[in-house]
Amino acid sequence: MENGDLGHMMGEPVSLNVGGCVYSTSLSTLQRYPDSMLGAMFGGDLPTVRDSHGNYFIDRDGPLFRYILNFLRTSELTLPCDFKETELLRKEADFYQIEPLIQCLGDPKPLLPYPTDTYEEVVELSSTRKLSKYSNPVAVIITQLTITTKVQAVLESISSSFTKWNKHMMDTREYQVSFTFGPCDHQQEVSLRVHLLDFISKAGFTIRNTRVHHMSERANENTVEHHWTFCRRTHKLND
């Protein structure tokens, strides 16, 4: 999306085709949470796709996007009394990375035990952002993305697939890969985070839970940490 297009759209409705359902809203609503996937997409940090009618296309659950959009408009989660798709809505909130909505929906229910011939592989993704307390608007000092897992194939795939961000790859320990961004390029962290979430999901992992921590380590800065835990079931190899 070109910056000129964004400026032109600020006062005009934006049409979205989400899984075949067409919605109309404002650009400011879509950008309410800049660190979300929609904030990055309509802030110009992620590529966009249009359908044959010129609507921005998102290949997700169309009917459930109604609740996503209403939350962006009001910052309140309002669901029908007989709503039975909370788990599906939680997955949509995870996909769009809208942290306040994820918190409203709470942690998912615990999974049933796996059969004895399977086990669980885990990938942890964390985003750490240090913010200046005294600047207005809030200034980002540094951000870091870290992927931790014992699934070596996942780490190797990330290292080879995300070469665009090689200059930011600061750490490749035995079970960990890290990317660091400074104040001038911190928006790239949002773009990389969206791509990593999609990459891990396409590798067969599903989000087990998300967590957000706010800390104040120094007098002049705050630290915000976001954590995602992904799991997938794998069959044990016979001895």
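Analyst: Buried here means under 20% relative accessible area, exposed over 50%, and partly exposed in between, with a 1.4 Å probe and protein chains only. By that cut-off, 42% of the 239 residues in the protein chain are buried. This is a predicted model, where local features need pLDDT of at least 70, side-chain atom pairs count only at pLDDT 80 or more, and totals for chains, interfaces and linings use all residues. Residues are numbered from 1 along each chain as its sequence is written, and side-chain values use heavy atoms, with hydrogens and water left out.

User: How many helices and strands are there in the chain?

Analyst: Eight helices and nine strands. Helices (H or I, at least four residues) and strands (E, at least two) are DSSP runs, numbered from the N terminus.

User: OK, α8. Which of its residues are buried?

Analyst: Glu 189, Val 190, Ser 191, Leu 192, Arg 193, Val 194, Leu 196, Leu 197 and Ile 200. Just after α8, Gly 204 has a positive phi of about 100°.

User: Is Gln 97 buried or exposed? And why is Ser 75 called partly exposed?

Analyst: Gln 97 counts as buried because its relative accessibility is 3%. Ser 75 counts as partly exposed because its value is 35%.
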